[in-house]
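User: Could you walk me through how to read the features of a model like this one, one feature at a time?

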Amino acid sequence: MTVQPTTNRSAHEHPAHRTIGAAVSSDDFRSLFRGHPSGVAVITATGSEGPVALTASSVASVSADPPLLVFSVSALSSATPTLLAADSIVVHLLDADDLDIARLGATSGIDRFANTDSWAPLPTGEPLFRGVRAWVRCAVVSRMDAGGSTVIAAHALQAHLARDVETDTAGAALVYHNRSWHRLGDHSRVG
């Protein structure tokens, strides 16, 4: 894999006038991130067609004060139109005990809300999967088109932590790495 450098610009050149140059191929870009593990979350919202859910590995904390997070949604996901129209969403931050919910949000062509015992709407209307490690209800504050995806920034309004990770322990984190789910724990600690 070869990464092509971008064209340098002078200190006085406006970013809109610069030339980016050749890009890394989509296959090479996927290879780069296939080896970069990420946490797993399920994002839910409700729209005119009902509740939607999708599994995301793009959730990241941006700021603690104010409490902001970001994630991206692909234009190819059936949940994307509802998430883009939503004023508020719930981000479920999963651990390995929540693998079934991660798989549910990642499976296409199914009714993710058929099991009415596994979820309930919050008083504000967003769907909440029961028993997850942690969840945060957020107000959507910004959307930015980014290639075939949209990056959504959200402000945390309400949170619940059911299973905390003890200091100096690995916990049972759920990560997505090289196209598969992995459980982090004391067995995977390297430092």
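This is a predicted model: local features need pLDDT of at least 70, side-chain atom pairs count only at pLDDT 80 or more; totals for chains, interfaces and linings use all residues.

User: Let's start with Asn 178: where is its place?

Analyst: Asn 178 sits in the loop between strand 11 and strand 12 (180–183). Residues are numbered from 1 along each chain as its sequence is written, and side-chain values use heavy atoms, with hydrogens and water left out.

User: What is phi of Asn 178 near, and what is phi of Arg 179 near?

Analyst: Asn 178 has phi near 50°, a positive value in a residue other than glycine. Arg 179 is found in that loop between strand 11 and strand 12 too, and its phi, near 65°, is again positive in a residue other than glycine.

User: How do I read accessibility here: is Arg 179 buried or exposed?

Analyst: Buried means under 20% relative accessible area, exposed over 50%, and partly exposed in between, using a 1.4 Å probe and protein chains only. Arg 179 is exposed because its relative accessible area is 60%, while Asn 178, at 44%, is partly exposed. For the protein chain of 191 residues, 29% count as buried.

User: Which residues does the cis peptide bond join?

Analyst: It joins Asp 65 and Pro 66, with omega of about 5°. Pro 66 is placed in the loop between strand 4 (60–64) and strand 5.

User: Next, Asp 98. Is it buried or exposed, and which side chain does its side chain make a polar contact with?

Analyst: Asp 98 lies in the loop between strand 6 and helix 3, and its 4% relative accessibility is why it counts as buried. A polar contact is a pair of N or O atoms within 3.5 Å; within protein, one must be able to donate a hydrogen and the other to accept it, and residues adjacent in sequence count only if both atoms are side-chain atoms. The partner of the Asp 98 side chain is the side chain of Arg 163, at 2.9 Å. As for plain contacts (heavy atoms within 4.5 Å), Asp 98 reaches Leu 93, Gly 131, Val 132, Arg 133 and Arg 163, leaving aside neighbours within four places in sequence.

User: And Thr 44: which backbone oxygen lies 2.6 Å from a polar atom of its side chain?

Analyst: That of Pro 127. Thr 44 belongs to strand 2 (residues 41–47) and counts as buried because its relative accessibility is 0%. Beyond four places in sequence, its contacts include Val 52, Leu 83, His 92, Phe 113 and Phe 129.

User: How many residues does the largest nonpolar core have?

Analyst: A nonpolar core is a set of buried Ala, Val, Leu, Ile, Met, Phe, Trp, Tyr and Cys residues joined through side-chain atoms within 4.5 Å. The largest one has 19 residues, and those with the most contacts inside it are Ile 43, Leu 69, Phe 71, Leu 83, Ile 89 and Val 91. At least two of its residues come from each of strand 2, strand 3 (50–56), strand 5 (67–74), strand 6 (88–93), strand 9 (134–146) and strand 10 (149–161). Apart from this core lies another, of 16 residues, with Ala 53, Ile 101, Phe 113 and Leu 122 among them.

User: Now pockets: what volume does the largest pocket have?

Analyst: On a 1 Å grid over the protein atoms alone, a pocket is an open set of points where a 1.4 Å probe fits, with protein on both sides within 12 Å along at least five of seven lines; lining residues have an atom within 4 Å of a point. Volume is the space filled by probe spheres set on the points. The largest pocket comes to about 1,200 Å³. Of its 33 lining residues, Ala 56, Ser 57, Ser 58, Ser 72 and Tyr 176 are the closest to its centre. Helix 1 supplies the largest share of that lining, five residues.

User: How do the residues of that largest pocket's lining divide?

Analyst: Into 12 nonpolar, 17 polar and four charged. Here Ala, Val, Leu, Ile, Met, Phe, Trp, Tyr, Cys and Pro are nonpolar, Asp, Glu, Lys and Arg charged, and the others, Gly among them, polar. The second largest pocket holds about 210 Å³, and its lining divides into 12 nonpolar, three polar and one charged. Val 40, Val 59, Leu 93, Leu 94 and Arg 133 lie nearest its centre, out of 16 lining residues.

How values were computed:
Helices (H or I, at least four residues) and strands (E, at least two) are DSSP runs, numbered from the N terminus.
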